[in-house]
Amino acid sequence: MSTTRRETTRSRRDCIRTMAAAGGAAALASCTPNTRAASDTGDQDAASIDAVMIESSPAQSGFPVPDSGYLQAVNDICRKHGAKLIIDEVQTGLGATGKFWFWQHHGILPDIVTTAKGLGGGILANAAVLLAPGIKEWFFDTAIPHSSTFGGNELGCVATARVCDLTMAPGFLEHVNVLAEQFAEGLRGGPYKVNQHGLCMGILSEELGKMEMTAKLFEAGIFTVPAWYTDGGVEFRPILTLTENEADEIIRVFRDTVG
Ligand SMILES: Cc1ncc(COP(=O)(O)O)c(C=O)c1O
C-alpha cells in the first residue's frame, strides 16, 4: 500500500500522541504498589488516547507488586476507550516471573508486548515487538516508518531462536519456580523487604541504601542494579538457568553480605 506524505505525517503525529499517553501510563505505573487502583480519569478526553504503555512491575521502582486488580483495571479502561495496551516485558518476560509473560499472572491480554535483554541470550543485543493479530495489520497498513541500524540482526536471531527453544522447553518454567521458592525461603527474615515475582526481585532497605547494597554485593560477586526510583532498593535478577546448588551459594553469599 502506498503512503502519502499526509498519511505519514499523521502516523508520526499518532506516534507522538501514543508516546505522550505512555508517559501518562508511566506515572500511573509508578503509583504501584499498594497505592490507588487504576481509575478512569474521567475528565480527560480518554477517547483521544491511542495507547497506554506500561511496565507492569517497574524494575527501577524495585519490582513492586501491583495491587490486586490493578492491571485488570488498566486493561478494562483501555478496552472501554479503544486504546491499545502495550506491555513492556523487557525485564519480566521470557519466563523470569515463573510464567512466560508477567501479564499472564493477571488475566489480561495486551495488544503489543515488548521484549529484549535475555532475548539475546546475554550475548547478542536483540529486542522484539510482538503484535497481536489485528494490530499487525494496523501496523503495516498505517506504514509507520520503521527502521533500525541493527534491525534484522541475523546473528542475534540465532541466539534468540536458542533462547526461545530453552525457555519454551518442557520443565523450564517449573525450574524457574523451584528456584524462586528457594530464593523466597533463603531471603526470608533479612533486614530488607523483598518484592518478588519469580526470579525478578526488588530488595528494599532504606537503611542499607541502594548504592551501598549494590557495591557490597558486587564486591562479593553478586551483580545487582540500583533501583533508581526507590529510597533504598536494588534489582536482583538471578539468571534463570542456575542450578539449585548455584542458587544456594548465591543465597549464602547474599545473606553473608547484607544480612
Ligand atoms: C523495563 C525496561 N524496558 C526497556 C528497556 C530498554 O531495553 P533495551 O536496552 O534492551 O533497549 C529497559 C532497559 O533496561 C528496561 O529495563
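Which residues in H6 meet Phe254, Thr257 and Val258 in H7?

What we have here is a predicted model, in which local features need pLDDT of at least 70 and side-chain atom pairs count only at pLDDT 80 or more, while totals for chains, interfaces and linings use all residues. Residues are numbered from 1 along each chain as its sequence is written.

The chain has seven helices and eight strands, these being DSSP runs numbered from the N terminus (H or I with at least four residues for helices, E with at least two for strands). Of its 259 residues, 34% count as buried, where buried is 20 or more other C-beta atoms within 10 Å of a residue's own, exposed is 12 or fewer, and partly exposed lies in between, with C-beta atoms placed from the backbone.

Let me turn to helix H7, which covers residues 244-258 and includes Arg255. Arg255 is partly exposed because 13 other C-beta atoms lie within 10 Å, and its C-alpha atom is separated by 7.6 Å from that of Gly190, 65 residues apart from it along the chain.

Now to the packing of the helices. Two packed helices are described by the angle between their axes and the distance between the axes. Helix H6, residues 210-219, packs on H7 at an angle of about 130°, with the axes 10 Å apart; axes are lines fitted to C-alpha atoms, for helices over the stretch in contact, and angles run from 0 to 180 degrees between N-to-C directions. H6 and H7 are therefore oblique to each other, given that angles under 35 degrees count as roughly parallel, over 145 as roughly antiparallel, 65 to 115 as roughly perpendicular and the rest as oblique.

To return to the opening question, it is Met213, Lys216 and Leu217 in H6 that meet those three residues of H7, a contact being two C-beta atoms, placed from the backbone, within 7 Å. By class, this contact of H6 with H7 has four nonpolar, one polar and one charged residues, where Ala, Val, Leu, Ile, Met, Phe, Trp, Tyr, Cys and Pro count as nonpolar, Asp, Glu, Lys and Arg as charged, and the others, Gly among them, as polar.

Helix H5, residues 172-187, also meets H7, with axes that come within 10 Å and cross at roughly 25°, which makes H5 roughly parallel to H7. Among the residues making the contact are Val178, Leu179 and Phe183 of H5 and Ala247 and Ile251 of H7.
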